[in-house]
Amino acid sequence: FAGTSAAAAVVSGGAALLLDADLAADPRSLGNLIRHFVTDRGSAGPDNVYGYGEFRLPAPPEPIDATPSAFVPLAAPQRVLDTRPESAIGPANLIGRFAAGEIRELPVLGHAAVPTDGVTALAVNITAVDVDQPAYVQALPTWRASAGGYSNLNTDRPGQTRSNFAIVPIGDGGTISLYTIAAGDLVVDLLGYFTTAVQPVAAGRFVELTAPQRVLDTRIDGVPLADRVPRQVPSPALVDMAQVQALVMTVTGTATTEPGWIQAFPTDRPDVIGGTSTVNLVPGISVANTAIIPVGVNGVSVTGLFGTGSGHVVVDIVGYITSSGAPVENAGRYVPVRPARAFDSRTSTGDLTVAVPVEINAAVPADATGVVWNFAAINARQPGFGRVWAADAPQPETSAFNWSVLGETRAASVIASVDAGRVKAVLDNGTGQPTSTAAGLIADVFGYFT
């Protein structure tokens with residue numbers, strides 16, 4: 001692009017470059033995506049001779065690999081990227097604070113015990129650190145999804161540090177892309193990966209419990225997590241743990257006295273304490289996040305990292321990943337889809353009323369047993385929580401995501417059963433009575449289970 005005004009690109013060879021609703025959902029993301037593919041020429045930065053630089057059209061995007069897949073957890077969650085120079089982890093060219101609107105590719109295949117082929121998606125925990133404005137962060141399959149078309153985590157004030165679980169399909173070049181519309185640092189913890197499983201398998205399938213089981217709530221026994229002191233997570237009832245390779249859980253942190261985080265980890269791996277995070281907390285805020293943690297020999301534990309402070313934790317087991325000791329079956333294999341938004345109350349129903357459910361269609365095959373979602377409560381009118389469940393099933397008693405303050409925007413990944421691709425979601429304030437407005441709601445879909 002030459003010149004200082006908005007420029008037009010001429011695409012030769014008749015190639016169709018879908019840099020509109022297909023690969024960028026809004027003008028800002030379109031501009032950020034185009035700048036990402038520009039090579040600087042001449043003096044550093046934009047200038048009147050070369051403009052932003054030379055734009056070279058990448059190859060047309062390929063579809064998401066939608067092969068049914070089995071999950072392989074790492075022996076313990078592992079940090080694969082930390083852009084903060086003082087604690088840098090990852091490729092040298094990715095270190096340093098993101099600029100607003102910047103996109104960076106993180107190589108994943110062949111790294112951190114991930115194979116070089118046969119991998120369809122990653123399970124990660126993404127943390128945005130010290131953002132400079134309200135924003136969202138996306139983890140995209142590189143060049144295979146729409147920038148700005150969905151979100152993985154949200155921030156609503158400058159200076160926040162927030163994390164969220166995500167399952168991200170593999171993109172071009174064996175990478176995933178990280179896109180943030182705010183300046184800040186990003187941290188990525190890898191929990192495991194999905195590898196192709198065309199035939200029925202024993203290990204690596206997701207089995208959802210009939211109803212989530214609350215197995216730990218330190219508020220009940222009055223003993224909060226102390227700094228770096230492990231607390232054993234009880235195993236779910238009526239589950240043969242010989243068939244379990246990893247637990248799928250919702251970890252909720254609350255009532256922390258100091259800023260910090262909660263970490264879930266295999267009990268027999270105390271050496272990893274402090275190396276990754278599951279839920280990031282500040283006083284006065286309750287936060288939930290999904291985690292997939294291998295059980296190892298002695299199960300799963302949680303600990304807090306609060307300095308001289310403490311915090312409470314609630315653990316709900318929603319299901320498990322099967323081991324090689326489980327039956328060989330078709331059900332429970334993961335199928336990635338092109339991430340996309342399925343519901344946005346801002347353009348449909350308007351803000352949701354307390355305790356009044358809304359039905360959402362994931363647009364997945366009718367025989368799918370479960371879906372990986374990202375739900376976000378938008379501009380909350382009061383503190384509360386959200387529940388998500390299969391459309392034709394009873395409403396569960398446990399929450400899937402939480403928010404704590406007026407005006408908050410809070411995202412959480414949710415793995416939920418579906419009926420013909422449908423779930424119901426409800427926002428509540430604890431009264432269960434439809435008396436007032438709760439918040440806006442958005443829901444994004446990332447894949448489903450056979």
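Reader: What volume does the largest pocket have?

Author: First, the ground rules. This is a predicted model, where local features need pLDDT of at least 70, side-chain atom pairs count only at pLDDT 80 or more, and totals for chains, interfaces and linings use all residues. Residues are numbered from 1 along each chain as its sequence is written, and side-chain values use heavy atoms, with hydrogens and water left out. A pocket here is an open set of points on a 1 Å grid over the protein atoms alone, with protein on both sides within 12 Å along at least five of seven lines; points are joined across faces, edges and corners, and a volume is the space filled by probe spheres set on them. For the largest pocket that gives about 430 Å³.

Reader: Which residues that line the largest pocket are the closest to its centre?

Author: Lining residues have an atom within 4 Å of a point. Strands are DSSP runs of E, at least two residues long, and helices are runs of H or I, at least four, numbered from the N terminus. The strands β11 (206–217), β24 (384–390) and β26 (410–417) each supply at least two lining residues. There are 25 residues in the lining, and the closest to the centre are E208, P212, V388, W389 and P396.

Reader: A211 is in strand β11. Is A211 buried or partly exposed?

Author: Buried means under 20% relative accessible area, exposed over 50%, and partly exposed in between, with a 1.4 Å probe and protein chains only. A211 has 43% relative accessibility, so the label is partly exposed.

Reader: How many cavities of 30 Å³ or more are there?

Author: A cavity is a set of grid points where a 1.4 Å probe fits but cannot get out. The largest cavity holds about 120 Å³ of space. The count at 30 Å³ or more is 4.

Reader: What does V124 touch?

Author: Contact means heavy atoms within 4.5 Å. Residues up to four places away in sequence are not counted. The partners of V124 are N164, F165, A166, V168, V188, D189, L190 and L191.

Reader: On to the rings. Why is the pair of Y334 and F449 called tilted?

Author: Rings of Phe, Tyr and Trp (its six-membered ring) pair if their centres lie within 6.5 Å; planes under 30 degrees apart count as stacked, over 60 as edge-to-face and the rest as tilted. The structure holds 10 such pairs. In this one the centres are 5.2 Å apart and the planes stand at 55°, so the pair is tilted.

Reader: How many residues apart are Y334 and F449?

Author: Y334 is buried, at a relative accessible area of 0%. F449 is buried too, at 3%. Y334 lies in strand β20 (residues 334–344) and F449 in strand β28 (residues 437–449), and their separation is 115 residues.

Reader: What kind of pair do F375 and F401 form?

Author: F375 counts as buried at 0% relative accessibility. F401 counts as buried at 0% as well. The ring centres are 5.9 Å apart and the planes are at 10°, so the pair is stacked.

Reader: Which residue has its charged end over the ring of F98?

Author: A charge sits over a ring if NZ of Lys or CZ of Arg is within 6 Å of the ring centre and within 35 degrees of the ring normal. Here the distance from the ring centre is 3.9 Å, and the residue is R104.
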